[in-house]
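Have the structure open as you read.

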Amino acid sequence: MTEYVKLIHGDKEYQLPLIVGSEGEKAIDISALREETGFITLDTGYANTGSCVSAITYLNGEKGILRYRGIPVEQLAEQATFKETAFLLINGRLPNRNELTQFSVLLNDHSLVHEDMRAFYENFPRSSHPMGILSSMVNALRSFYPELHNLEEEINITVTRLLSKVRTLAAMSYKISRGHKVVYPRPDLAYCSNFLNMMFHSPVRPYDIDEDVVRALRVFWILHADHEQNCSTSAVRLVGSARVTLYAAISAGIAALWGPLHGGANQAVVEMLTHIAENKNMRQTVERAKDKKDPFRLMGFGHRIYKTYDPRAKIMKKIADKVLAKFNISDPLLDIAKELEEIALKDDYFIEHNLYPNVDFYSGIVLRAIGIPTNMFTVIFAIGRLPGWIAQWKESMDDPNWKLCRPRQIYTGPAETNYVPIAER
Ligand code: CMC
C-alpha cells in the first residue's frame, strides 16, 4: 500500500507518494508536484535529489557501505576479477564459467583499435592531458564503427567495444605521448595484465608481469567500478537521455570525471603531497584547507555521501602498504599521507565537518608504485568506472518511465526590458 507525505501550503493540502528503496531509503515522489501545485523544488548541487531509481549500486554514507548488485565491494576486491565485476554490474548477476569465457573471447576480439585512429593521436599537442584525449577518442569511435541496424546487437557490440578498446586507447595515448611504438593487446593475457603490458612493454625492455602489480590494478579497478549517481555517472545518464550514442555519453562522463573535485582528485592528491614534501608545509596546508577565505581544500578528503571513512579508501591504504613493501619502495608521499590523515582526523574542523579520506587519498600512491605516471591517474580511474557508466546508461535506456533529463530553474534575472539600439546605448 502506498504511503503519502502531506504538503501543506496555506489552506491547501497535497498528498505526495512515498517511495521506499530495498534498503529502507525514503524518497518523496514529486513527479506530479508542478502539475498539481505549480511549484518546483530547488536543490542546488542535487544533494537532496534522487534522479532515478536504480538496482545497481547501494551506498550508505553514514555506515560506509558500498555494494554492487548486493555484493559488498570488500568481497569483490578480495575474490573477484575486474571482468566478473564488469559483467555483474552490466548484467545484474555474476557470470557462470561459460559466460565468462565468452565475455573474455569477445573482449579479446574487440581489443584492437582502427589503425587510422593513430593519426588522431599523433596530431594532439604533446602537452595535451590524456583525459581530454581519451574523451575525444571515445567520441570519435562512432565514426570508425558505424551503427548496426539491429538495436540489441548494436548495444551489445558497443558495450564490448568500449570495455575493450578504452583500455587499448588509454595505453596507446601513453605510448604515443612518450614517442614510443604502440604495443598491441595480446590474446594470451587477462584484462589487467594486458593493459599493463600495453603500457610498459618495449622491444628493448620486455615487461615482466608481476602478479602483485596485477592484483593492485585489479583491486583499484574493482573499487572504482561504480558509485551510483556521482557527477560523471549523472553526466552519462543526462547526456544519454538525449538519446546520443553510448560513445558520446561515455565521452561526457570522461570529461566530468576529469575535474579535480571528482576523479581528477587522485592526481591533485599526489601533486598536493609532493608540494608538502618539497616545501615541508604540512601544518600550513591543513590550515589553508580550513581557511574559509582560501578556496584550497585538502584533496582526497571529504565526500558528498560518505560521512565516515570511505570503505574504498580503507582497502586502498592496505594495497598501498602491500605494493610498497613488496617492491621495497620507500615513498615519502605515503608517509606524508599517513601523517596528514592523522593530523586531519584529530582536528576539530575535520571532525565537525565529517571529513575523512576518500578513495583518491591513497590511490595515487598505489598507481605511482606500479609505475603509472601522474597525468594518467584519472585515465586509470576512467577505465575502472566504465562498467558502472555502461550499466547505468543501460538501466536508464531500459527504464519504461524513461524521460529526457531536463531540470527547471527559478529565474532571477531582469523583468521584460526593451532592446536598445546600439546608437542609443
Ligand atoms: N577540505 C577542507 N574543507 C572541506 C573539504 C576538504 N577537502 N571538503 C569539504 N569541506 C568543507 C567545505 O568547505 C564546507 O565547509 P562549510 O560548511 O564550513 O562551508 C563543508 O565541508 C561542506 O563542503 P561542500 O563542498 O558543501 O560538500 P560537498 O558534499 O559538496 O563536497 C567534495 C564534496 C568531494 C566536493 C569535497 O569534500 C571536496 O572538495 N573534497 C576535495 C576533493 C576530493 O577529494 N574529491 C574526490 C571525491 S571522492 C572521488 C569521487 O567520487 O570522484
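## Around the ligand

Sorted by class, the shell around the ligand holds nine nonpolar, seven polar and four charged residues. Here Ala, Val, Leu, Ile, Met, Phe, Trp, Tyr, Cys and Pro count as nonpolar, Asp, Glu, Lys and Arg as charged, and the others, Gly among them, as polar. Of the 20 residues around the ligand, the ones that come nearest are His262, Leu298, Gly300, Tyr349 and His353; a residue is near if one of its heavy atoms lies within 4 Å.

This is a predicted model, where local features need pLDDT of at least 70 and side-chain atom pairs count only at pLDDT 80 or more, while totals for chains, interfaces and linings use all residues. Residues are numbered from 1 along each chain as its sequence is written, and side-chain values use heavy atoms, with hydrogens and water left out.

## Polar contacts and cover

Now for the polar contacts (pairs of N or O atoms within 3.5 Å). A backbone N or O atom of Leu298 sits 2.8 Å from a ligand nitrogen atom, and one of Leu261 is 2.9 Å from a nitrogen atom of the ligand. Lys292 uses its side chain instead: a polar atom there lies 3.1 Å from a ligand oxygen atom. Taken alone, the ligand exposes 940 Å², and the protein buries 76% of that (Shrake-Rupley method, 1.4 Å probe).

## Cysteines

How many disulfides are there? The count comes to zero, taking a disulfide as a pair of cysteine sulfur atoms within 2.5 Å. The sulfur of Cys52 has its closest cysteine sulfur in Cys405, 8.6 Å away, so it is too far for a bond. Cys52 is partly exposed at 29% relative accessibility, and Cys405 is partly exposed at 35% (partly exposed lies between buried, under 20%, and exposed, over 50%, with a 1.4 Å probe and protein chains only).

## Domains

The domain assignment, automatic or from a database, gives domain 1 (3–60) and domain 2 (74–399). Their C-alpha centres lie 33 Å apart. Domain 1 and domain 2 each put 12 residues into the contact, meaning heavy atoms within 4.5 Å.

Definitions and conventions:
A polar contact is a pair of N or O atoms within 3.5 Å; within protein, one must be able to donate a hydrogen and the other to accept it, and residues adjacent in sequence count only if both atoms are side-chain atoms.
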